[in-house]
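Subject: Structure for you to look at

Hello,

Here is the structure I promised to pass on. Please open it next to this email and follow along.

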Amino acid sequence: MNRTSPPLELNVTAHDDLQQTLPHPVTAKSRDYSGGATPTHRHPRAQLLYAGSGVMRVETAEGCWVVPPLRGVWIPAQTDHRVVMLGEVAMRTLYIRPDAAPDLPQSCCLLEVRPLLRELIFALLEEPVDYDLAGRGGLIAALVLKELRFLRLAAVHLPLPAEPRLYKLCRRLIEQTDATDTLETWAERSATSSRTLARLFRRETGMSFSHWRQQARLVEALGRLGKGEAVGAVAEHLGYRSPSAFTAMFKRALGCEPRRYFEHGAMVEVGAGMAGGY
């Protein structure tokens with residue numbers, strides 16, 4: 001059974017830096033990591049977390065999201081979150097003043113980062129942190145705010161329950177994504193009945209046990225596929241009998257085969273709405 005060691009906690013600096021305190025509507029920050037995890041923290045600004053390369057996992061009290069290439073996570077202001085680096089990561093972040101984008105999502109979500117927005121992020125990073133609002137930096141920031149309104153939401157989300165027994169179980173399932181134990185087995189380990197556990201899953205996550213476990217496997221799969229692992233290796237790691245069985249599950253859930261998920265345009269099939277609709 002696959003077990004994941006806890007990531008080394010990073011000694012990051014406090015987040016009361018210029019990017020958070022300047023009056024500019026949008027600021028950008030660049031950091032490179034070789035692994036590890038940030039402590040749980042929050043920002044006074046909303047955050048679009050994007051990796052120029054590498055894969056991250058963002059965890060909050062409400063759920064977790066894997067951030068593979070071509071995707072980003074939207075984190076509203078004052079949201080407690082932790083970022084786990086799944087290997088080497090080139091983190092590129094936009095901080096958005098809340099009043100500059102009031103109609104964007106009020107909860108965390110996975111977003112597609114299309115080429116234009118990606119280039120705008122890199123362009124803003126070339127400007128001084130306190131860029132001229134009337135100059136090139138101000139024009140880039142204004143276009144960033146326009147482009148954010150047209151982001152598509154991705155379909156993969158893994159909600160985490162608040163109920164202590166279920167939270168502990170879900171954390172174990174995340175760490176042991178190849179586990180094939182039944183709901184009855186997990187119920188015995190939790191000293192409760194399978195009926196109670198099934199009811200808790202529905203109440204706390206809005207999903208059945210089997211659906212939640214499938215989502216956990218999808219989250220793990222996206223992280224590994226995003227790092228370039230072969231479909232067969234990912235299928236084996238997740239406990240599937242064959243790559244074709246894994247591919248069938250992936251296509252059923254996300255509307256396309258694993259090798260196509262990271263292609264531009266795949267989100268047309270698997271997107272779940274428009275950020276501008278919030």
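Below is what I found, going from the whole chain to the details.

**Overview**

Please keep in mind that this is a predicted model. The protein holds 10 helices and 10 strands. It has 278 residues, and 54% of them count as buried.

**The largest nonpolar core**

In soluble globular proteins, nonpolar side chains tend to be buried together. The largest nonpolar core in this model has 35 residues. Which members touch the most others? They are L197, F201, W212, F246 and F250. Several elements give two or more residues to this core: β5 (63-67), α4 (164-175), α5 (183-189), α6 (194-205), α7, α8 (231-237) and α9 (243-254). Helix α7 gives the most, with 8 residues.

Look at L197 for an example. Leave aside residues up to four places away in sequence. L197 then touches L166, L169, L183, W186, A187 and T192.

**Helix α7**

Now find α7, which covers residues 209-226. It has 18 residues. From its first C-alpha to its last it reaches 26 Å, close to the 26 Å expected at 1.5 Å a residue. Is α7 mostly covered or mostly open? It is mostly covered, with 15 of its 18 residues buried. After the helix comes G228, and its phi is positive, near 95°.

**Aromatic residues**

How many aromatic pairs does the structure hold? There are 4. One of them joins F201 and W212. Their centres are 6.1 Å apart, with 65° between the planes, and the pair is edge-to-face. F201 lies in helix α6 and W212 in helix α7, so the pair ties together parts that are 11 residues apart in sequence. F201 is buried, at a relative accessible area of 0%. W212 is buried too, with a value of 0%.

Y240 and F246 form another pair. Their ring centres are 5.6 Å apart and their planes stand at 65°, so this pair is edge-to-face. F246 counts as buried, at 0% relative accessibility.

Go back to F201 and W212 for a moment. Together with F209 they form one aromatic cluster. A charged residue also meets a ring in this model: R189 lies over the face of W186, at 4.7 Å from the ring centre.

Next, find β6, at residues 71-75. Why is this strand described as largely enclosed by the rest of the structure? The reason is that 5 of its 5 residues are buried. In a regular strand the side chains alternate between the two faces of the sheet. Both faces of β6 are covered. R71, V73 and I75 are buried on one side, and G72 and W74 are buried on the other.

Two strands pair with β6. Strand β3 (residues 46-53) pairs with β6 in the antiparallel sense, over 4 bridges. Here Y50 has G72 as its bridge partner. Strand β9 (residues 109-112) is also antiparallel to β6, and 4 bridges join them. W74 stands opposite C109 in β9.

β2 and β7 pair over 2 bridges, in the antiparallel sense. A37 stands opposite V84 in β7. Then comes the pairing of β7 (residues 82-85) with β4 (residues 56-59), which is antiparallel over 4 bridges. In this pairing V58 has V83 as its bridge partner, and E59 has R82.

Best wishes

Key
Residues are numbered from 1 along each chain as its sequence is written. This is a predicted model: local features need pLDDT of at least 70, side-chain atom pairs count only at pLDDT 80 or more; totals for chains, interfaces and linings use all residues. Side-chain values use heavy atoms; hydrogens and water are left out. The expected span of a helix is 1.5 Å times one less than its number of residues. Buried means under 20% relative accessible area, exposed over 50%, partly exposed in between (1.4 Å probe, protein chains only). A nonpolar core is a set of buried Ala, Val, Leu, Ile, Met, Phe, Trp, Tyr and Cys residues joined through side-chain atoms within 4.5 Å. Contact means heavy atoms within 4.5 Å. Rings of Phe, Tyr and Trp (its six-membered ring) pair if their centres lie within 6.5 Å; planes under 30 degrees apart count as stacked, over 60 as edge-to-face and the rest as tilted. A charge sits over a ring if NZ of Lys or CZ of Arg is within 6 Å of the ring centre and within 35 degrees of the ring normal. Two strands pair if DSSP finds at least two bridges between them.
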